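Reader: I would like to go through this model element by element. Please begin with the terms.

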Amino acid sequence: MSRFKSDFLRTLDERGFIHQVSDETGLDELFSKEIVTTYVGYDATATSLHIGNLISATMLHWLQETGHRPIALMGGGTSMVGDPSFRDEQRRLLTPEAINTNIEGIKKIFSRILRFGEGENDALMVNNADWLLKLNYVEFLRDVGRHFSVNRMLSFDSVKLRLDREQSLSFLEFNYMIMQGYDFVELNRRYDCRLQMGGSDQWGNIINGVDLGHRMGTPQLYALTTPLLTTSSGAKMGKTASGAVWLNEDVFSPYDFWQYWRNTEDADVTRFLKIFTRLPLDEIAQLGALGGSEINEAKKILATEATAIVHGREAADAAAETARTTFEEGRLSDNLPSVDVPTADLEAGIGLLSLVVRAGLAGSNGEARRHVQGGAVRINDQPVSDERMMIGTGEITGDGVIKLSLGKKKHILVRPA
């Protein structure tokens, strides 16, 4: 039995989203009696969100499904500074043009996860540049900055860990938590926003906003964080050999996204089905109870359902079918990820290690060499062991491509261009 009476908090609790809540009883009562506006902030540090962001975006989905109003806050202003949380060095400063380009990329995912419109619980997308870039610095210091204790700010883990490592924390970065706290107050004034959600690493920043609201006369504000997920083996979620698992298809294909979930560890299947799919809990319990090789069927369902949320049902089904024909029937599928290589390069010949790196199957020639030495690399399904091998037009199959594989589950079609 959940300890919550409101539909939203009970749903989050049952699905494993809740790590900390600033006032469980008060927030539960608020959700039980009125439509609650809630936000999550997303800084525009890249053109796409990644799997870690999918957790908070899914919480906004359940918020809307249970009758409340979500705000996806784009960090057009805060991205000018950069969140220093748990980093050893300052983030690269982005130009306004780069930030706007990144925001346009980030917006794509929310059209599939949230419903936007003019209804009372339709989602809003807001940009904090609308108020942060217009602030008068001296007035901001007098009206907002005076409410922040430097002593307390230094005690937050996000700052303390940087200083404990004797790494520099710039004054620019130190302002980030003040700006984020002010976002909460501004969203309350403009949209009656009462709750901010985020990952557990944001707890200090969110509580700053709750405290600032109290000092500046807002109604009671609330904080809720979700656990930072790791796999059962202790690895951080969302990392692959070729980099982060992004949500936009132009930087991480739907097929690769499907494969990421298909490779879930057995012990994580139930937990990930609860968080990353919208399947009913009783169905998830049945899937989680599968044993032996049958657990692979649950992994395929996880992969398809998670991919459908991010890329749409058609792309998810196509990815599942590509995997089936590739692995179960051994056939070549045009839906496999591909990389274009100039025909002239193939005519001259490309070193095997260079091709593996160019295809994104390794981050360096050294890593590619280790894959080859370990017997993991295949050309057109044939193992290759000569790291000095040259790949050229002679390897192009009757389908007009070269199939480059790493292990049993990663395949790239090299297409002459």
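Author: Two strands pair if DSSP finds at least two bridges between them. Helices (H or I, at least four residues) and strands (E, at least two) are DSSP runs, numbered from the N terminus. This is a predicted model, in which local features need pLDDT of at least 70 and side-chain atom pairs count only at pLDDT 80 or more, while totals for chains, interfaces and linings use all residues. Residues are numbered from 1 along each chain as its sequence is written, and side-chain values use heavy atoms, with hydrogens and water left out.

Reader: In what order do the five strands of the open sheet lie?

Author: The pairing in this open sheet is mixed. Its edge strands, each pairing on one side only, are strand 9 (338-341) and strand 12 (382-383). The order is 9-15-14-11-12.

Reader: Which residue in strand 15 is the bridge partner of S338?

Author: Strand 9 and strand 15 (residues 410-416) run parallel and are joined by four bridges. In strand 15, the partner of S338 is L413.

Reader: At what angle do helix 4 and helix 15 pack?

Author: Two packed helices are described by the angle between their axes and the distance between the axes. Axes are lines fitted to C-alpha atoms, for helices over the stretch in contact, and angles run from 0 to 180 degrees between N-to-C directions. For helix 4 (residues 96-113) and helix 15 (residues 295-311), the axes are 7 Å apart and the angle is about 115 degrees.

Reader: Is T11 buried or exposed?

Author: T11 lies in helix 1 (residues 7-15), and leaving out residues up to four places away in sequence, T11 touches W62 and T66. Buried means under 20% relative accessible area, exposed over 50%, partly exposed in between (1.4 Å probe, protein chains only). With a relative accessible area of 17%, T11 is therefore buried.

Reader: What covers the buried residues of helix 11?

Author: Buried in helix 11 are G204, N205, I206, I207, N208, G209, V210, L212 and G213. Their cover includes helix 7 (150-155), helix 10 (176-191), strand 5 (193-199) and strand 6 (222-226).

Reader: How many of the residues of strand 5 are buried?

Author: Strand 5 runs parallel to strand 2 (residues 37-43), with three bridges between them, and parallel to strand 6, with five bridges. Strand 5 is largely enclosed by the rest of the structure, because the buried count is seven of the seven residues.

Reader: Which residue in strand 6 stands opposite G198?

Author: Strand 6 is joined to strand 5 by five bridges. Opposite G198 stands T225.

Reader: What is the phi of D192?

Author: D192 lies in the loop between helix 10 and strand 5. D192 is partly exposed, as its relative accessible area is 41%. Its phi is positive, in a residue other than glycine, and lies near 55 degrees.

Note on methods:
Contact = heavy atoms within 4.5 Å.
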